Structures are given as C-alpha cells and as structure tokens.
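Dear colleague,

Please find the structure we discussed placed below for your use. My notes on it follow directly after.

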Amino acid sequence: MLCPEVWNFGAPQYSFFHILNLNNNTNSIKKNIKNRPMSTIKTHCFIHSVSFVLPNICSIPEGFCESILEDSDYYRINGLRAVELINRTFINSFIKQGTFSLLTVDKRLDIDNLIAITPDGHLWLNLRRSCYQKLGIEGKPTRFERKEHSRYVVKINLKASKLTPGNKYYERIYTNLDKMLDLTFDVIISWDPLAERICPSSVAAWFDKRGFPVNICHQQVIRRCEYSLEIPALVQNNYKEFFEWLGVFCIDGNLINENKNMEAQYVSSYECPKPRIQVGQIQYLQFTGFFTQKKILKIYNAWKKYALLNNTILPWCTIDIQGFVDSPIKLNNQMEHSFYTNGDHSCTIAMCPSNNGYILRQSLNSRRMPKIKQ
Amino acid sequence: MENSNDNICLPLPVTISNWFTTYKQREDYLVNFLKNILPSSDVKDIDEELRKLFPLTKRKGKVTNKPEKSSLMAMRKCIRLYLNQTKTYIQYKQMVPLNSLWLGYMHHMLGIKNFTSLPMNFTHSHWESINHRLIKADFHGAIITIVKSKCPSTIGIEGIIIQDTKNTFKVLGKDNVIRVIPKASCIFRIHLEHNVYFDVFGKELCIRPTERSVKKFKNFQIPDL
C-alpha cells in the first residue's frame, strides 16, 4: 500500500441471526420453532450477564429478583493449577454428580493460556504454541489459524473411565500437567449439585482444603427505571430498528427529546421508530456475574412465567443474555471461540406475551479479517 | 549341395537389380528435384529443411535399469536392530556401561575434570570453545530426554542413544523399548553427570555424526521449533 486509505476501513464483521415468530403460527413449517428460544439459550454454557426490559411495569416484584439471585453465588480461586482438576476424588464428587463449570478470568483469549470446564465434563485447555510443545498431551491446532498454528486446543474428557490412577493415560496426563509449574490460572467456578440438600459451597470448601485462596462473589444487580417514554411496538417488519432502540435504552443512551426544538438544531438525530406506544414507565434490570447453563434455564422460565402472568399490561418484554468475550468455547461446547476484533456471543429474545410470539436474535462474532481496499 | 551353393553365389539377374536404389541415390534424386523446382532464394535452405524431424508418435525414452539395492539392503538387515518389539535383544542395563564410557569420552573431549565447572552463560570466556566441542562430539551412549516437540507423544521419552543417523536418533528406554525419534521436530536435553545437562535443538543436529565433526555451524539460528 503506497498510501493507505485510513478512511476506508470496513467495520468489523458481525453475524446476526434472526428468527421471527411473532404471529405464533402453530401450523408453521419449520420444526421446533416454539422451542427455539429455549434451545438457543441452552447453547450458552458460560453467561456473563442477563438483562430484562419490562415496559409499563410500575415496580418489579421482589420475588422475581429473589428467584434469580437465590443460590447464584460463585467462587473465585486464584492460582489454581490444572493438576488439581484431574484429582480422582474431585472428579467423583463434583464433576460426575451435578454440573460443574469453570472459566478463566483476567486472561485474554488470543494471547494467554486458558482453561475451562464445560458442564458436560470436558476440560478444555487453550494454549499458546510454546506451552503446548512443552506439555505433551495430544491436542489440535486452532481452526482459526490453520497456516501458522499459533494456538492449540487440548480437550480432556474428565468423565472418561480411563482417567483413573494406575492407568497409563492418567499417569501421562498427571505427570505432564504436574511438571508445568507456571500453568496457573485465576478461575471462577460454580457447581450445581444433583440433590437439593447439598450446598453448592462444598466445592469452595474442597479447594480451600487443598490450599488455594477462595473468594465468594455475588452477582451485581443494576436497576433502572425511565418515566414517560415513547417505546416502539413490536411488529415483524421493523424488528431491526426495534433492536437498535433496545440497545440504546439498555446502555442508558439519550432517548429523550426534551423539546421539539432540539430536533431542529441537528441535521439528524435519533428518534424512536414507528409505530410508537406511550408508556408511563419502563423498567430495566441487569444481573452481571457468572451464570451456568442450569441457572439460565431457571431464569428464563421464571421470566416467561412472570411475563405470561402480566400479559395484559406488557406490550412486549425482552431478555438479553451475554456470554464472556474471553471464553474459549461457544455454542454448546462444540465450537472454539476466538477474539479477533470482538468476542461477542449473545442472544436476545423479545416476546409478545399476549400471543406467545417472539423474535429471537443471536449476535456472534465473525473471524473474517477486515478487507482493506487499495 | 554344390548346385545350391553355386545358385547362392551367382549375381542376381538384371531385371531385379534394376529396381535397386541406394539411400544415397534416392536422396540425390530428391535434392536435384527440389533444386530444379524451388525458387533460387530457397535453394540454399534445402539441406537444413531436409534435416528437420517431425515426430508423429510419442517417443519412448530408453528404459534404464536402476541398480539393484539388494546388496545394501542385505547389509542393513545384518546390522538391523529390532524396533519396538517386546522381545528385544538389547537391555537397558547392558547399555549403562556404554553411558559411562561416553561420560569419560566427554571428560576428555571438553578437557575438564568436573562437569559442574562448565560455563553457564555467554559471559564466560570459554563459552564459544566449549560449545564448539560439544556440538562436534559424538552422542552414542548419551542419556537423552525430549523436552519440547512438535509431536506431543514424543515428549518425555528418555533413554540412551544407540544409533545416530542423519535425521533420527535410536533411543533405548528403561523399559527396553527402542524408539526412533526424528531430530528435526524436537529439543533434546542431553544429561551429563551431577545434574548438569544441556538443551540443543534437534534441527541443528540433522547431520550424520561423521560429518558433524567437520561441519562449520552458522552463528545465527532461529530458536524456534
């Protein structure tokens, strides 16, 4: 490039998927369209934040918040070594009984080494090339850089029966993970036990006994209420503008036109998409922290129940689920996630409680390099 | 019989011999014909044009017989070591004296009595000369470990080097299994006495040991597998 066109760089690519089922046709040709929101939510295994937008509601009942926040504490362990996760007692007590989720924090996906344990019992190690070549456990090169092989993914099935002490496979993995003294991570963990009577904090007690510093973490709650606002109605043909408005609202953007003269002062300004509904107040509720797959399903069901209960008041209601940008896994534990220009993977569902129709929107990052036109 | 002999030795009748033409005669006839017909400017090119060849079918090259390798293979079979079989003819404990021989050789090669007095980093004055001697040394009988490799299953293999070829090491492990390890993809750790070891890139050693003693090594190498 003699003279790069610095004004002509394209925006980083995203991929959006929309599923429109607003009229809730029961004779729909597409199968399972009713269960699509549920199955899409199930594909997220580590969720960073959940947020709700509920228009025309005076105040959110405490019971709704309580049902989300109960038993939702998670734990942070500093300096955890990967060898601890191969421990036989640990696997038998926590991974095989209930669902255990683990994710590395404070590390960047494209640069550092990461580990994660998915709810189905696989230990994923996302390693740099130098670390992989020292480690000695079989893995695959990352599918995002096939020519250079700068990162490798090692996947160990913790529920496999061959992972028992005395077995050659176990001994090899144990010695190889043990010799890597600098492979330590700060992780967040959460455990959903099978039986109700077992407290989820027993996993924290286990790591505490092994000698690691464990801190309890609570979900952060953000509540906001806006008064006398115009909101767009949920119709099939303007769903893109609807989601744009929703995004501006969620980040507390400036939606209010104080006086009509303000519009005349600017060449263009943002205005609420038509058709519009005038409401007295609109509630915004956000929980940020670490949610597991099981908890998210519980939250989704609670939200749906609440929405159907108030279906005469609510014109529409939304739930938005954001995944971790640095998580090494996306989409139902099958695919490798990567952060090139952005690490989004999120899902928004806008539901019409009156006829149980919905619009589902999934936003995933795209790994295509930006095209530079010369 | 004499009659038939006379018949054979007689010259052929004139009616038949008139039909004969030699190659030379045919050629001269053709050239004369062309000289008469063609314009004068083209006459001098006739010889050249007649020499041109037009291949109408595919030419098959000569079939060369490759020299048989049987003698070389037979020799290899005679000295072949049995690989990766449960019944091995060489045991690790039989090779341990070889290792001690090699350590004595290294003492002699490096010219020092105690390996712990080897220079640790490049600031030492003898660094260059020690490195030269190390790389020219023969490694048969050395205890070797693989620390880093492109192939993860070779990491952790430890043993005594039995054979050193251009691209591989044959290593005898403590479990009496002989493993062939390619040099190019690994970093080797060669153990000397008293917990002294040195790490070397395999790709620098991809030379036959006889040639390595005379080879000049480049000063600049990229330290990457």
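Is the crossing of α2(A) and α9(A) left-handed or right-handed? The crossing of these two helices is right-handed. Please bear in mind throughout that this is a predicted model.

Helix packing in chain A

Two packed helices are described by the angle between their axes and the distance between the axes. For α2(A) and α9(A), the latter spanning residues 293-309, the angle is about 165 degrees and the axes are 9 Å apart. Since angles over 145 degrees count as roughly antiparallel, α2(A) is therefore roughly antiparallel to α9(A). On the α2(A) side, the residues that meet the partner helix are Phe64(A), Ser67(A) and Ile68(A); Ile299(A), Ala302(A) and Tyr306(A) meet them from α9(A). The residues of this contact divide into 5 nonpolar and 1 polar, with no charged residue.

Backbone geometry in chain A

Most residues other than glycine have a negative phi, and most peptide bonds are trans.

- Asp71(A) has a positive phi, near 60 degrees, and is not a glycine. Asp71(A) sits in the loop between α2 (62-69) and β3 (74-81) of chain A. Asp71(A) counts as partly exposed because 15 C-beta neighbours lie inside 10 Å.
- His149(A), also not a glycine, has a positive phi of about 55 degrees. The loop that holds His149(A) runs between β7 (140-141) and β8 (151-157) of chain A. With 13 C-beta neighbours inside 10 Å, His149(A) counts as partly exposed; the cut-off for an exposed residue is 12 or fewer.
- The peptide bond from Lys274(A) to Pro275(A) is cis, its omega being near 0 degrees. Pro275(A) belongs to the loop between α8 (260-265) and β12 (276-292) of chain A.

The sheet of chain B

The secondary structure of chain B consists of 8 helices and 6 strands. From the N terminus on, the order of elements is α-α-α-α-α-α-α-β-β-β-β-β-β-α.

Strands of a sheet pair through backbone hydrogen bonds, either parallel or antiparallel. In chain B, an open sheet of 6 strands shows antiparallel pairing, in the order β4-β3-β2-β1-β5-β6. At its edges stand β4 (178-182) and β6 (197-201) of chain B. Each of these two has a single partner strand, so one side of each is left without a neighbour in the sheet. Neighbouring strands of the sheet are turned against each other by 40 degrees on average, direction ignored.

The pairing of β3 (168-172) of chain B with β4(B) is antiparallel and extends over 5 bridges. Within it, Leu172(B) has Ile178(B) in β4(B) as its bridge partner. Helix α6 (residues 92-110) of chain B packs on the sheet and touches β1 (143-149), β2 (158-164) and β3 of that chain. The direction of α6(B) makes about 70 degrees with that of β2(B).

Of the 225 residues in chain B, 10% are buried. Among contacts in chain B with a separation of 6 or more, 50% join residues 24 or more positions apart.

Between the chains, 6 residues of chain A are in contact with 9 residues of chain B. The chain A side of this contact divides into 2 nonpolar, 2 polar and 2 charged residues.

With kind regards

Methods. Residues numbered from 1 in each chain as written. Chains lettered and ligands numbered in written order. Predicted model: local features only at pLDDT ≥ 70, side-chain atom pairs only at ≥ 80, totals over all residues. Helix = DSSP H or I, 4+ residues; strand = E, 2+ residues; numbered from the N terminus. Buried ≥ 20, exposed ≤ 12 C-beta atoms within 10 Å, placed from the backbone. Axes fitted to C-alpha atoms, helices over the stretch in contact; angles between N-to-C directions. Parallel < 35°, antiparallel > 145°, perpendicular 65-115°, else oblique. Left-handed = near helix turned anticlockwise from the far one by under 90°. Contact = placed C-beta atoms within 7 Å. Nonpolar A, V, L, I, M, F, W, Y, C, P; charged D, E, K, R; others polar. Pairing = 2+ DSSP bridges.
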